[in-house]
Amino acid sequence: MQRRQLLKSLLATSTTLLGASLLTSCNSKTLDPLFQIDLLDPKTPLPDRLITPLSDFYIQNYALPSKVDRDTWRLKIGGEVETPLTLTYEDILNAPQESFHLTMECIGNPSGGNLIGNAKWTGTRLLPFLEKAKIKNTAIEMAMKGNDWYETTLPIAELTKPDVFLVHKMNDEDLTKEHGYPLRILIPGHFGQKQPKWLIELNAIDHSKKGFWENQGWSNTAEIPTHALLRQIQTDRTSNQSNRVQLEKSGEAGWGKGILLAGIALDRNLPIQRIEISTDGGTTWQIADQNKPESPHEWTLWRYRWQPTTAGKYKVLARAVSDREIQDIEKRDRMNGQSGVLTIDVTLNAAANVG
Ligand SMILES: Nc1nc2c(c(=O)[nH]1)N[C@H]1C(S)=C(S)[C@@H](COP(=O)(O)O)O[C@H]1N2
Ligand SMILES: [Mo]
């Protein structure tokens, strides 16, 4: 009962956490530019893949990270199933292991924001366990619970997709306490809120239920839309705070030599066809260079070399295009994770008079 009360008071103060932590979860290290400016040279190829080191990977918890003992940890699969299962860590390791790359993003991540990272994950598929448990056809949703009492739900059909994984390694290391040790679930195509850490319960339920963030108005499907994130202008990280960048004409990062615009793009399950850049507030668009990841669940990297000829004020935007959609510049439905389109005001200063 006491724990419940403590939790309640934590919850009461954390309703704005998702927003507030956009500001607090950035430490100086993660503000380093994602790309080196040598990408300005069109002969420098874009990297095939960029993995976020664990030390830079964002952490988003509604409460304190949970401390779990791997030996006593259990994952219960129950509710509307024929055969409830209780899995040990050994059971997870004894199942066939696979590794894959997937980009995790928080639904509240703004363009330039740090609440996104790409990692290599290792674990085992969930489907064989669900087949063993035999979900009854009365079940419509799966309620997923973490050891910190975090809960979120998705339709059964999302959980029975073959690419849903129970993972225990991130970038070849055991999950850290912050990222969900010993086990978390990954359900590709959805924002981070649908990927519970310290997973202890998968409960098939015969009714609809909203989870922690969903009860506060965040999308209940939390599907990742086609979106581009403008992460960097020249050597500056774009930020959701001022959305302003000023560049001098000369010097190492001067605009006289050209301006590097760079970022990432992601969709729930389709490849990014192209990334379009506007430097005139959306009137005209040019196509950026991009890489082509094997999996649509891994971020696409892009860069654009902008060569302005006159000083002045510019409005810079980036949008992504997939077979499903052209990212809408006007739509800013934050609660659906469409906050990716941002206009950055770029001021290019004229050369200072010398003498
Ligand atoms: N148990 C638990 N799982 C959770 C959360 C949480 O607070 N508790 N936060 C979710 C949210 S909102 C996001 S964006 C991702 C972030 O994962 P990361 O901290 O490993 O980057 O975890 C999700 N899983
Ligand atoms: Mo999140």
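Trainee: Why is K134 called partly exposed?

Mentor: The relative accessibility of K134 is 47%. Buried means under 20% relative accessible area, exposed over 50%, and partly exposed in between, with a 1.4 Å probe and protein chains only as cover; K134 therefore counts as partly exposed. The model is predicted: local features need pLDDT of at least 70 and side-chain atom pairs pLDDT 80 or more, while totals for chains, interfaces and linings use all residues. Residues are numbered from 1 along each chain as its sequence is written, chains are lettered from A and ligands numbered from 1 in the order written, and side-chain values use heavy atoms, without hydrogens or water.

Trainee: Where does K134 lie, and what makes V81, E82 and T83 its contacts?

Mentor: K134 sits in the loop between helix 4 and strand 5. Helices (H or I, at least four residues) and strands (E, at least two) are DSSP runs numbered from the N terminus. Contact means heavy atoms within 4.5 Å, and K134 touches V81, E82 and T83 when residues up to four places away in sequence are not counted. E82 is 52 residues from K134 in sequence, yet their C-alpha atoms are 5.3 Å apart.

Trainee: Why is W198 called buried, and what can be said of its phi?

Mentor: W198 has a relative accessible area of 1%, so it falls on the buried side of the limit. Its phi is positive, about 45°, although W198 is not a glycine. W198 belongs to the loop between strand 9 and strand 10.

Trainee: Is N171 buried or exposed?

Mentor: With 16% relative accessibility, N171 counts as buried. N171 also has a positive phi, near 50°, in a residue other than glycine, and lies in the loop between strand 7 (165–170) and strand 8.

Trainee: What makes the bond between Y181 and P182 a cis peptide bond?

Mentor: Its omega is about 5°. P182 is placed in the loop between strand 8 (173–174) and strand 9 (184–186).

Trainee: Which residues touch the most other members of the largest nonpolar core?

Mentor: They are I77, L126 and I185, in a core of 29 residues. Such a core is a set of buried Ala, Val, Leu, Ile, Met, Phe, Trp, Tyr and Cys residues joined through side-chain atoms within 4.5 Å. Elements giving two or more residues to it include strand 1 (75–79), helix 4 (127–133) and strand 10 (199–205). Neighbours within four places in sequence aside, L126 is in contact with I77, L159, V164, F165, L166, I185 and L202.

Trainee: How do you know which strands are the edge strands of the open sheet?

Mentor: The 5 strands run in the order 12-11-14-18-17, with antiparallel pairing. Strand 12 (236–237) and strand 17 (289–290) each pair on one side only, and they are the edge strands. Two strands pair if DSSP finds at least two bridges between them; strand 11 (residues 227–233) and strand 14 (residues 259–266) pair over 6 bridges. H227 stands opposite L266 in strand 14.
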